[in-house]
Amino acid sequence: MSTKKLQKEVTEQVPVAEETKLPEPRRSVAFIGSECYPFVKTGGLGDVMYALPKALIAQNIDVKVILPRYKCIPWKYQEKMVYRGEFVMNLCADGRSFYVGIMEYVWDGVVYDFIDNEEFFSWGNPYTNLVDDIPKFCFFGKAALAALNYMNWIPDIIHCHDWQAGLVPVYLRTLFEGTPVASAKTILTIHNLRFQGIYNIPTVRYWSGLPDYVFNYDALKQGNDDANMFKGGLAYADMITTVSNTYAGEIQTEFYGENLDAHLRYHSGKLRGIVNGIDVEMWDTATDPRLAVNYDASNVLEKKKENKRALQEELGLVQDENKFVIGLISRLTDQKGLDLVNAVIPSLIDEHTQFVVLGTGDARYEDSFRYYENCFKGSVCSNIMYDETRAHKIYAGADALLVPSLFEPCGLTQLIAMRYGTVPIVRETGGLKDTVEPYNQFTDEGNGFTFDRYEAGLLMDAIIRARNLYLDYRPSWDKMVVRDMNKDVSWDHSAKIYRDLYMELRP
């Protein structure tokens, strides 16, 4: 046998040693925020506080979520909370102290610790007015850090959300310096910059007990007399994130910056945009019990028609599967572009088009949508309420979903719509621009319809383009519906980005 042949046989018989891959070090993260589904939710923040920790657990992240124990949390959750301890905490500038209780609830691998105090959290709603909310969230931010020390659960990262947790990074680098929790790094996420926690300096100084030197223009001070809790948190946080890459750029401009654009440009080196996802187990057309008929991408084209007919019947609309049904699920406020919608409805409704609204908000929009329902009986239905079941039915039964926002940090409705095979029609702003690729008729690609400038005529044009494709080029429309259902809108990708960010902050 030749030497070469012998070497070949030996090589084939000896297994090649696989490279040993060491597991990445585990990181611990404390989420601090003012709301979280299913305990209490008023908007998208509540969804993120629920879904992101759940996705991070799959990324080998140890997560604890710290929330206020509001009286409005349903009793079915409160009765299962376990007492973890209590202490008295010095809060105010004059040494005034308050009781802090800790109640714990574990669900889906996530530990939820609720800060208990009747004086601050016995109101019926999580947010009332700034007179009450400023003391409440001064207390909550400090109590959350004190609770971590008390439980001896010292995280690598403290991930704070919106202005209600804005003082946490400030407290950490001042009043908590030298305590165990001070070893943590902080991230502050901007979900909506419009709300900032601004009040006069003496009030915030009293309730926070913070030292005078933080009330300067580089940190909390805004204008001549006010303190801005969000601004202070942005200054002291180790990293700032927001909920889409486009919004991260927009908030550094005067139009979108809500008077903090210069502050954010100064801190732009630590600002990143990471788009939100949705919980694809909660939003799953194959298992959603609220739908008339369940479906998936393999049978959406037939089953969606059945959901449409069921929606039309329930809402008193003319039952015709060939009608182009447009849905709008939204808070009825200026931010959501409803002045544009009001302007186009009279020209929009015809023998081919139906329009369904679900939401509550400003009286002028509630009244105008009621008016249009009376004008266009059988073609317009205005549900001036919020009903979770009806929202699911609209996502499944509508052909298109309208999101024409003036600004939209991320937006979840367009992601849910795509998950349900409903084509989004959106304005190119914030997360809407990052998640909806405009349809290209020449390449037959894209997953929605978009317009750029905030003008009623451009919104109408986008709707007409969508309607024409639906009515005249149904095969192209149907392909887009299937594409949308197959698009990954889960938290998986974004959770990996957050995990990498945690690793970067704490190597």
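Q: With contact meaning heavy atoms within 4.5 Å, which residues in α18 do Ala466, Leu469, Tyr470 and Asp472 in α17 meet?
A: The model is predicted, and in it the contact between α17 and α18 divides by class into 5 nonpolar, 1 polar and 2 charged residues. On the α17 side stand Ala466, Leu469, Tyr470 and Asp472, and their counterparts in α18 are Arg474, Ser476, Trp477 and Met480.

Q: How is α17 oriented relative to α18?
A: The axes of α17 and of helix α18, which spans residues 474-486, come within 5 Å and cross at roughly 110°. Angles from 65 to 115 degrees count as roughly perpendicular, and α17 is therefore placed, relative to α18, as roughly perpendicular.

Q: Which strands does helix α17 touch where it packs on the sheet?
A: The sheet concerned is open and built of 6 strands in the order β15-β14-β13-β16-β17-β18, with parallel pairing. Within it, β13 (residues 324-329) and β16 (residues 400-403) pair in the parallel sense over 2 bridges. Helix α17 (residues 456-472) runs at about 165° to the direction of β18, and the strands that α17 touches are β13, β14, β16, β17 and β18.

Q: Which strands lie at the edges of the sheet of 6 strands?
A: The order of the strands is β15-β14-β13-β16-β17-β18 in an open sheet. An edge strand pairs on one side only, and this applies to β15 (380-383) and β18 (449-451). The twist from one strand to the next averages 15°, and the edge strands are β15 and β18.

Q: Which residue is the bridge partner of Ile326 in β16?
A: Strands β13 and β16 pair in the parallel sense, over 2 bridges. Across this pairing, the β16 residue that partners Ile326 is Ala400.

Q: What angle does the direction of α13 make with that of β15?
A: Strand β15 covers residues 380-383 and is an edge strand of the sheet of 6 strands. Helix α13 packs on that sheet, where it touches β14 (353-358) and β15, and the angle between the directions of α13 and β15 is about 150°.

Q: Are α12 and α13 roughly parallel or roughly antiparallel to each other?
A: Helix α12 (residues 338-348) packs against helix α13 (residues 363-375) at an angle of about 15°, with the axes 11 Å apart. Residues in α12 that include Leu338, Val341 and Ile345 meet residues in α13 that include Tyr365, Phe369 and Tyr372, and by class this contact has 7 nonpolar, 2 polar and 1 charged residues. Because angles under 35 degrees count as roughly parallel, the relation of α12 to α13 is roughly parallel.

Q: Which residues in α19 do Leu52, Ala55 and Leu56 in α2 meet?
A: Helices α2 (residues 44-57) and α19 (residues 492-505) pack at about 70°, their axes being 9 Å apart, and they are therefore roughly perpendicular to each other. By class, their contact has 6 nonpolar, no polar and 1 charged residues. The partners in α19 of Leu52, Ala55 and Leu56 are Ala495, Tyr498, Arg499 and Tyr502.

Q: Which strands does helix α8 touch on the sheet of 9 strands?
A: This open sheet has the order β3-β4-β5-β2-β1-β6-β7-β11-β12 and mixed pairing, and its edge strands are β3 (82-90) and β12 (271-273). Strands β6 (residues 157-161) and β7 (residues 185-190) pair in the parallel sense over 5 bridges, with Cys160 standing opposite Leu188 in β7. Helix α8 (residues 229-236) packs on the sheet with its direction at about 135° to that of β7, and the strands it touches are β7 and β11.

Q: Why is the pair of Phe120 and Trp207 classed as it is?
A: This pair belongs to a count of 33 aromatic pairs. The ring centres of Phe120 and Trp207 lie 6.1 Å apart and the ring planes meet at 80°, while Phe120 in helix α4 and Trp207 in helix α7 are 87 residues apart in the chain. Since planes over 60 degrees apart count as edge-to-face, the class of the pair is edge-to-face.

Q: In which loop is Pro38 found?
A: Tyr37 and Pro38 are joined by a cis peptide bond, with omega at about 5°. Pro38 is found in the loop between β1 and α2.

How values were computed:
Residues are numbered from 1 along each chain as its sequence is written. This is a predicted model: local features need pLDDT of at least 70, side-chain atom pairs count only at pLDDT 80 or more; totals for chains, interfaces and linings use all residues. Side-chain values use heavy atoms; hydrogens and water are left out. Axes are lines fitted to C-alpha atoms, for helices over the stretch in contact, and angles run from 0 to 180 degrees between N-to-C directions. Helices (H or I, at least four residues) and strands (E, at least two) are DSSP runs, numbered from the N terminus. Angles under 35 degrees count as roughly parallel, over 145 as roughly antiparallel, 65 to 115 as roughly perpendicular and the rest as oblique. Contact means heavy atoms within 4.5 Å. Ala, Val, Leu, Ile, Met, Phe, Trp, Tyr, Cys and Pro count as nonpolar, Asp, Glu, Lys and Arg as charged, and the others, Gly among them, as polar. Two strands pair if DSSP finds at least two bridges between them. Rings of Phe, Tyr and Trp (its six-membered ring) pair if their centres lie within 6.5 Å; planes under 30 degrees apart count as stacked, over 60 as edge-to-face and the rest as tilted.
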